[in-house]
Amino acid sequence: EFRSKVLGNFLSRTYVGPGHKLYSYAEKRKTVNITEILQHEFASFLEPIVSEIQAAKSSTDGWRDDKLRRIIGFRTESVEAAIRSVETGTYLCYLPELLASNRKMLSLKIEGCPYKCETSTYLIAKKDNELGWVRSLF
């Protein structure tokens, strides 16, 4: 029998790094219209980074490409490679907040986009005797 516990809910945001044309907007917390965002290239993923994303019929990172088509300039299997491409100012990226914390990038405040991607993260365990220190989280 499996047991699970919600570790947290994380909202995805669009991130930008130093050197990118839109970085000053993020630094000043100025709003950027979605039409401006869609003119810039994104880093994205070859496979869904969150399992429920595939069922939602959105892109592999949760962005609603079926509603707001964006330019994908870089596709990778590696979250780290995508983040580094943002930190260098090359691309924008749509990521859960948890993956973007303590990185050299800032989230953009976007207007004109009615969609959001919120991800629940679970700890799932099967056997109590194999949990070790994780047992204290239940």
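# Reading the contacts in a predicted model

A search of the whole structure finds seven salt bridges. The model is predicted.

Q: What makes Arg-70 and Asp-65 a salt bridge?
A: The closest N and O atoms of Arg-70 and Asp-65 are 2.9 Å apart. The cut-off for a salt bridge is 4 Å between a side-chain nitrogen of Lys or Arg and a carboxyl oxygen of Asp or Glu, so the pair qualifies. Both Arg-70 and Asp-65 are buried.

Q: How do you know that the side chains of Glu-80 and Arg-103 meet in a salt bridge?
A: The N to O distance for Glu-80 and Arg-103 is 2.8 Å. A salt bridge needs these atoms within 4 Å, therefore the pair counts as one.

Q: Why is the pair of Glu-80 and Arg-103 said to tie together parts of the chain?
A: Glu-80 lies in helix H4 (residues 79-87), while Arg-103 is in the loop between helix H5 (97-100) and strand E6 (106-107). The two are 23 residues apart in sequence, so their pairing ties these parts together.

Q: Why is Glu-80 called partly exposed?
A: The relative accessibility of Glu-80 is 32%. Partly exposed covers the range between the buried limit, under 20%, and the exposed limit, over 50%, so Glu-80 belongs there.

Q: Why does Arg-103 count as partly exposed?
A: Arg-103 has a relative accessible area of 26%. That value also lies between the limits of 20% and 50%, so Arg-103 is partly exposed.

Q: What makes Arg-103 and Glu-87 a salt bridge?
A: Their closest N and O atoms are 3.1 Å apart, and the cut-off is 4 Å, so a salt bridge is assigned. This pair links distant parts of the chain, with Arg-103 in the loop between H5 and E6 and Glu-87 in helix H4, 16 residues apart.

Q: What makes Glu-80, Arg-84, Glu-87 and Arg-103 one network?
A: Salt bridges that share partners join these four residues. Arg-103, for example, pairs with Glu-80 and with Glu-87.

Q: Why is Glu-87 buried rather than partly exposed?
A: Glu-87 has a relative accessibility of 19%. Buried means under 20%, so Glu-87 counts as buried.

Q: How many aromatic pairs does a search of the whole structure find?
A: The search finds three. One of them joins Phe-42 and Trp-63, with ring centres 5.2 Å apart and planes at 55°.

Q: Why is the pair of Trp-63 and Tyr-94 called edge-to-face?
A: The ring centres of Trp-63 and Tyr-94 are 5.2 Å apart and the planes stand at 90°. An angle over 60 degrees counts as edge-to-face, so that is the label. Tyr-94 is in strand E5 (residues 92-96), 31 residues from Trp-63. Phe-42, Trp-63 and Tyr-94 form one aromatic cluster.

Q: How do you know whether Trp-63 and Tyr-94 are buried or exposed?
A: Trp-63 has 4% relative accessibility and Tyr-94 has 7%. Buried means under 20%, so both are buried. Phe-42 is buried as well.

Q: Why is Thr-76 called buried?
A: The relative accessible area of Thr-76 is 9%, and the limit is under 20%, so Thr-76 is buried. Thr-76 belongs to strand E4 (residues 71-76). Its contacts beyond four places in sequence are Ser-44, Phe-45, Leu-46, Ala-81 and Ala-82. The C-alpha atoms of Thr-76 and Leu-46 are 5.5 Å apart, although 30 residues separate the two in sequence.

Q: What makes the approach of Thr-76 to Ser-78 a polar contact?
A: The side chain of Thr-76 reaches the backbone nitrogen of Ser-78 at 3.0 Å. The limit for such a contact is 3.5 Å, so the pair falls within it.

Q: Why is Ile-124 called exposed?
A: Ile-124 has a relative accessible area of 57%, and exposed means over 50%, so the label applies. Ile-124 is in strand E8 (residues 118-125). Together with Phe-2, Val-6 and Tyr-122, Ile-124 forms a nonpolar surface patch of about 440 Å² accessible area.

Conventions: Residues are numbered from 1 along each chain as its sequence is written. This is a predicted model: local features need pLDDT of at least 70, side-chain atom pairs count only at pLDDT 80 or more; totals for chains, interfaces and linings use all residues. Side-chain values use heavy atoms; hydrogens and water are left out. Helices (H or I, at least four residues) and strands (E, at least two) are DSSP runs, numbered from the N terminus. Buried means under 20% relative accessible area, exposed over 50%, partly exposed in between (1.4 Å probe, protein chains only). A polar contact is a pair of N or O atoms within 3.5 Å; within protein, one must be able to donate a hydrogen and the other to accept it, and residues adjacent in sequence count only if both atoms are side-chain atoms. Contact means heavy atoms within 4.5 Å. Patches are made of residues with over 30% relative accessible area and no salt bridge: like charges are joined within 9 Å, nonpolar side chains (Val, Leu, Ile, Met, Phe, Trp, Tyr) within 5 Å. Accessible areas come from the Shrake-Rupley method with a 1.4 Å probe; for residues, only the protein chains shown count as cover. Rings of Phe, Tyr and Trp (its six-membered ring) pair if their centres lie within 6.5 Å; planes under 30 degrees apart count as stacked, over 60 as edge-to-face and the rest as tilted.
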